[in-house]
Amino acid sequence: LKDMLKGLIHRQMYYINQDSYANAFNKDPTGSPWDSDIRTPPMIPILWEGKYEIDSLAWVLKLSSNYYKTTEDSSICTSNWFSAVQKIVDTMKYQQQQLDTMSQQDHLYYSFERETYTQSETLQGGIGLPSCQCGLVRGGFRPSDDAHRFPFQIAGNAFASVGLAEIGQILTSSSGQCNNVTLGNTLLALSGVIKAGIEQEGVINHRKYGPVYAYEVDGFSSQLIMDDANVPSLLSLPYLGFLPKTDPVYQNTRKMLLSSDNSFYFCGKAGCGIGSPHTGLGKIWPMSSIMIGLTSSDDEEIKYSLNLLKTTTAGTYFMHESFDKDDATKFTRSWFAWANSMFGELILTLAKERPYLLFNTTITTNTHTNVLF
């Protein structure tokens, strides 16, 4: 298992060194159906898709951090690994600039256009809307692969801040092969700048809930108030390690997200949960129910999420991408590895922290009683 994870880390760093703006890669340089996308940097055969998502970089950092903290195996810190980490830093720093300071001749310039009938599949003018330099990192696409409305996704920036800080701490505290105080301090400083930008631009005063985190902002005071089930999401901020579950702004945000004041929170005959613009109105994502369970301190809330996950598989016993709020047999993606993996994480987490919710536990709903596991 250790060798497999180390191999995965090396593979990810190889991909980052090839292109730090891509969201999906081929095992071998075989090309892609998206080779016709108009993109800077241009599509190359190792890429499957070239959408720039800030969380793609953050996940790479997080995997390396989790691996090192679990194993203390410094052999992952090869020259290629350091090169990729530096490229992640350079990419994020470049994307902190305002658009009018960027040039197509810049080494790290990014633009993306696709011939499509779907607005969310391409960036306006190839670069998206303008943003004000405020410490936050621009992105092009969300974790769902949909285009941003505003350039700064708050949860993605929060995840980046966490990943940078964790790798920075490893590089500055390690005495082995991973030691690189100069680069580590650079990561820690960048993490701090992003975090300050989130607190400055990402927290808004909601008329009903008080201070809450916005989903996306532009630094010019424009903001989008919603959440998307795909992680990183605002709901997942404690899971990402950005803040504790008890943080008052997070609690305000959570109340807002799990209500009709979130335009992508849906309730129907099958249940209630957060969806995504990616699948349209009325579609609940099991991933949101999983994340509710992973970030809740309320046993009843966790029980509801477990029951919803159990009763909305349409007899397949797998987590789907989404299901209709009134009819769980109407679902998207019969096999969705991401949600299935996160469901496994939820069960393992609860088995360790709240085993009484899983074993010989009775859940009472409005119509019947279920015994879990």
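Two strands pair if DSSP finds at least two bridges between them; the strands themselves are DSSP runs of E with at least two residues, numbered from the N terminus. The model on display is predicted: local features need pLDDT of at least 70, side-chain atom pairs count only at pLDDT 80 or more, and totals for chains, interfaces and linings use all residues. Residues are numbered from 1 along each chain as its sequence is written, and side-chain values use heavy atoms, with hydrogens and water left out.

**First stop: a sheet**

Select β12, β13 and β14, which form an open sheet in that order with antiparallel pairing. At its edges stand β12 (283-284) and β14 (327-332); each has a single partner strand, so one side of each is left without a neighbour in the sheet. Next, select β13 (residues 322-324), which is joined to β14 by three antiparallel bridges. Within this pairing, F323 has F331 of β14 as its bridge partner.

**Second stop: aromatic rings**

Rings of Phe, Tyr and Trp (its six-membered ring) pair if their centres lie within 6.5 Å; planes under 30 degrees apart count as stacked, over 60 as edge-to-face and the rest as tilted. The whole structure contains 12 aromatic pairs. Select F264 and F266, an edge-to-face pair with 5.9 Å centre to centre and 80 degrees between the planes. Both F264 and F266 are buried (under 20% relative accessible area, with exposed over 50% and partly exposed in between; 1.4 Å probe, protein chains only). Finally, select Y14, Y15 and F25, which form one aromatic cluster.

Notes
Helix = DSSP H or I, 4+ residues; strand = E, 2+ residues; numbered from the N terminus.
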